[in-house]
Amino acid sequence: MSDSKYKVSALAYRPQRFSEVVSQEFATKTLKNAILSGKTAHSYLFSGPRGTGKTTIARIFAKALNCLSPENGEPCNKCENCIEITNGSHPDVFELDAASNRGIDDVRAIQDAAKYYPVKAKFKFFIVDEVHMLTMQAFNALLKTLEEPPPYLIFILATTNPEKVPATILSRCQKFGLHRLKIEEITEQLQKIAKSEKITIDSESLFLISKLGDGALRDALGIFDLAVSYCGNKIVIDNLKDFLNIPDKEIYFKISGFIRNGDTKSILEYFSELLEQGFDLITFYNGITEHFRNILLVIITSNPKQLDESDNIREKYVSEAKEFTVDGILRLMKILLENEARLKYSGNQKILFEVILTELCRIEKEVLDIGVLISELEAIKKKTPDSLRFRSNTPVVSDSSMPQVKNIKNDSEVVARLKQIFDLEEHFIPDLKNKNGSR
């Protein structure tokens, strides 16, 4: 039987003060200064990726303005208003999920509630999450309230897609763009929580969980909770990888090695072995794409610190980058990116994946070195009779009575090579095609 008092880490360690919010100093400092100076606006728009603190900051702002004993612009988290807002039971702070309440009737309900003065607090707050999901009629109904709000009313609109919010709404809000958290920032928070919960976790596991959070602290905390459930109070990287069932970085280096050597047979055999481990093909495909992107970044910038990887993995990318060229990586990336959507919606992902891997291995074999190409053309030019050479991009038709036919037959391999390189059979004169038996 589960403990009814248990809270997931994202809730148990949710910031309750501006100073506790991670990596959003621009927003928190501005709001705090507005509170201290008494220059708060009546409508705000918080935008940014998921899990970056939009709703959390909105609640802290509501507490700070309605706190009975504020401390330098921060809520005390001890008074009646702070406790009720934290618990979500305050009568003057309303939260609306616009993803499921997106119609004009829902906005009219807000308008009706906005007519009345706050019951207990100084300000009445309406926090509308995922506001971009409102219908156009609902936005139009909301617009009038935003234009002429009563002095006690404050709207906070939160969205992950600000570009979908009408310009008429945006122009009436103070806008704050929240950004993704850095891996180092997420790692620092995970370390604090692990220490508080008396959980031992190695640095590689911390790095992996932070990276999988993809800039969202909430997502990283969710993975952390799962890892604790699986590994217990001691989390090590080997157990974590088994639990998450994600490909090890060494796998991608092995894949790029096969591709570099054009070893189609080995890469398909290796891919078959990996399938038995149950890896998700889309995750695996994205991992390969990111792998070659990392190689490209190291080749171009010569700065492996830009990679979101551990130090030992960065060193491997430095070594791997020496084995590729920019043009070669770009050709590989083009194939991967062009087939990304096809793989996602394919009815048989395994077969398509095998075809893509085969194409990646063969791409370098199908690319000719320009120096070799020029040498071959020079050789063709020397062997081809004057009367058959290209002049001003136009072939000159030779007299059939001239004795060059013998030379042409001797040069049939060179002519065939030229056709293979340029696929220019249509540019050769009919007499040449007929006498050499081509086509």
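Modeller: A residue is called buried under 20% relative accessible area, exposed over 50% and partly exposed in between, with a 1.4 Å probe and protein chains only. Helices (DSSP runs of H or I, at least four residues) and strands (runs of E, at least two) are numbered from the N terminus. This is a predicted model, in which local features need pLDDT of at least 70 and side-chain atom pairs count only at pLDDT 80 or more, while totals for chains, interfaces and linings use all residues. Residues are numbered from 1 along each chain as its sequence is written, and side-chain values use heavy atoms, with hydrogens and water left out.

Colleague: How many helices and strands does the chain have, and what percentage of its residues count as buried?

Modeller: The chain comes to 22 helices and nine strands, and of its 439 residues 43% count as buried. Where residues at least 6 apart in sequence are in contact (heavy atoms within 4.5 Å), 73% of those contacts join residues at least 24 apart.

Colleague: Why is Ser23 called buried?

Modeller: The relative accessibility of Ser23 is 6%, and therefore Ser23 counts as buried. Ser23 lies in the loop between helix 1 (9-12) and helix 2 (25-37), and although Ser23 is not a glycine, its phi is positive, at about 65 degrees.

Colleague: What makes Asp214 partly exposed?

Modeller: Asp214 has a relative accessible area of 40%, so the term for Asp214 is partly exposed. Asp214 also has a positive phi, near 55 degrees, in a residue other than glycine, and its place is in the loop between helix 9 and helix 10. In helix 9 (residues 203-212), Ser205, Leu206, Leu208, Ile209 and Ser210 are buried, and among the elements that cover them are helix 8 (183-196), helix 10 (217-231) and helix 11 (237-244).

Colleague: Why are helix 14 and helix 15 called roughly perpendicular?

Modeller: Helix 14 (residues 281-301) and helix 15 (residues 311-321) pack at an angle of about 75 degrees, with their axes 9 Å apart. Those axes are lines fitted to C-alpha atoms, for helices over the stretch in contact, and the angles run from 0 to 180 degrees between N-to-C directions. Angles under 35 degrees count as roughly parallel, over 145 as roughly antiparallel, 65 to 115 as roughly perpendicular and the rest as oblique, and helix 14 and helix 15 are therefore roughly perpendicular to each other.

Colleague: Which residues of helix 14 and helix 15 meet?

Modeller: From helix 14, His291, Asn294, Ile295, Val298 and Ile299 meet Tyr317, Val318, Glu320 and Ala321 of helix 15. By class, this contact has six nonpolar, two polar and one charged residues, where Ala, Val, Leu, Ile, Met, Phe, Trp, Tyr, Cys and Pro count as nonpolar, Asp, Glu, Lys and Arg as charged, and the others, Gly among them, as polar.

Colleague: How do you know on which side of helix 15 the buried residues lie?

Modeller: The buried residues of helix 15 are Ile313, Arg314, Tyr317, Glu320 and Ala321. Because they cover an arc of only 120 degrees around the axis (taken from the directions from the helix axis to the C-beta atoms), they are on the same side of helix 15. On the other side of helix 15, Asp311 and Glu315 are exposed, whereas the buried residues pack against helix 12 (249-261) and helix 14.

Colleague: What makes a group of residues a nonpolar core, and which residues have the most contacts inside the largest one?

Modeller: A nonpolar core is a set of buried Ala, Val, Leu, Ile, Met, Phe, Trp, Tyr and Cys residues joined through side-chain atoms within 4.5 Å. The largest has 38 residues, and Phe284, Ile288, Phe292 and Phe353 have the most contacts inside it. Helix 14 gives the largest share of this core, nine residues. Apart from neighbours within four places in sequence, Ile288 is in contact with Tyr252, Ile255, Leu336, Phe353 and Leu357.

Colleague: Why is Leu330 called partly exposed?

Modeller: Leu330, which lies in helix 16, has 43% relative accessibility and therefore counts as partly exposed. Leu330 and Phe292 are 38 residues apart in sequence and 8.9 Å apart in space, C-alpha to C-alpha.
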